Amino acid sequence: MRFAKLLVVPMFTVLYSGLSGVQPSSPAQQTASTVTDLRLPLKNGSIRFAVIGDNGTGDASERRIADEMQLYWTAVKYDFVTMDGDNIYGGHSPKDFSQKFEMPYKVLLDENVKFFACLGNHDDPGLEENYKPFNMGGNRYYTFRKGNVQFFVLDSNYMDPPQLAWLEDKLKNSDAKWKIAYFHHPMFTSAKFHGPDLDLRNQLMPLFSKYGVNVVLSGHEHVYERVKPQSGIYLFVLGNSGQLRANNIRKPNDQDIVGFDTDRTFMVVEIADNDLYFQTVAGSGQTIDSGDLKLQASGTK
């Protein structure tokens, strides 16, 4: 289990909210391109969001994924984006927040698409918790709800007893049809660089199984994986929206349904009643995974 290097919140807060004066990385693409391989049904009243992880490099690779995200937003009109951690690599000055977040995603931010961040090992807790566009509300961990979907956003750097008690209370009292947890370090992965966090698995899986968590999203490994369900829970690793660790997934392995480690990716998700539709898109524009996941029956997790 990883532990945060800094747990003391600085005496100041970061309130960067002015996004004026920055430009999207390639606005021409937004008018010249259309999505030709959309695999979401776009049902009335559905919950739609995108997923990114380990994105905050500020380089051309992050901007390329941001361009594809903008393109898919024109077709899907997703309302928000979940972030699997390592939101800002390196320095955390106002210039860094601008170059590594505000500029790449300016088109989405201007359309009032909300980003909901969790903390990775490269993040600065005191600054990012209080950075308004990350919507963390000054908290290391938090929950939010969209329709019949509740999200539980955890700090896997420091899974202390207060956080576990908070999580159990929130899960126990949730009446959401879909419960989705996301945090940085993966409990299950076939990537070689870090591997799975077994301490985290032992702490969280009993709670997730007991209280009916349906989906878990993580980053940290700079690859994409759709892991075989564990205890009936759907698991994804998506940590390559900016960083990439090429050819890092063990091959063969008996754990991944799909593994992809040769390009960056992001995912778009649509939840409608008892179905979760997803489509994972590479920086090239190629769809590398998609599917329809059914709401698990009570007692299968």
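Me: Which residues line the second largest cavity?

Reply: In this predicted model, the second largest cavity is lined by Pro186, Met187, Phe188, Val216, Ser218, Val227, Leu235, Phe236 and Val237. Two elements, β7 and β9 (233-238), each give two or more residues to this lining. The most comes from β9, with 3 residues. The cavity has a volume of about 40 Å³.

Me: What makes the lining of the second largest cavity nonpolar, polar or charged by class?

Reply: The count by class is 8 nonpolar, 1 polar and no charged residues.

Me: What lines the largest cavity, and what is its class composition?

Reply: Phe49, Val51, Ile180, Val215, Leu217, Phe236, Met267, Val269, Leu276 and Phe278 form the lining of the largest cavity. The elements giving two or more residues to it are β1 (47-52), β7 (215-218), β11 (265-272) and β12 (275-282). By class, this lining has 10 nonpolar, no polar and no charged residues. Its volume is about 40 Å³.

Me: Why is asparagine 135 called partly exposed?

Reply: The relative accessible area of asparagine 135 is 28%. Buried requires under 20% and exposed over 50%, so a value in between is called partly exposed. Asparagine 135 is found in the loop between α5 (125-128) and β4 (142-146). Its phi is near 55°, a positive value in a residue other than glycine.

Me: Why is asparagine 247 called exposed?

Reply: Asparagine 247 has a relative accessible area of 53%. Exposed means over 50%, and therefore the term applies. Asparagine 247 lies in the loop between β9 and β10, and its phi is near 55°, again positive in a residue other than glycine. Proline 252 also lies in the loop between β9 and β10 (256-260); the peptide bond from lysine 251 to proline 252 is cis, with omega near -5°.

Me: Which residues have the most contacts inside the largest nonpolar core?

Reply: They are Met69, Tyr78 and Phe115, in a core of 61 residues. Beyond four places in sequence, phenylalanine 115 touches residues including Ile52, Val81, Met83, Phe101 and Asn135. A second, separate core has 23 residues, among them Leu164, Met187, Val213 and Val227.

Terms used:
Residues numbered from 1 in each chain as written. Predicted model: local features only at pLDDT ≥ 70, side-chain atom pairs only at ≥ 80, totals over all residues. Heavy atoms only, no water. 1 Å grid on protein atoms, 1.4 Å probe; cavity = no way out; pocket = protein on both sides within 12 Å on 5 of 7 lines; lining within 4 Å. Points joined across faces, edges and corners; volume = space filled by probe spheres on them. Helix = DSSP H or I, 4+ residues; strand = E, 2+ residues; numbered from the N terminus. Nonpolar A, V, L, I, M, F, W, Y, C, P; charged D, E, K, R; others polar. Core = buried A, V, L, I, M, F, W, Y, C linked by side-chain atoms within 4.5 Å. Buried < 20%, exposed > 50% of the residue type's maximum accessible area, 1.4 Å probe, protein only. Contact = heavy atoms within 4.5 Å.
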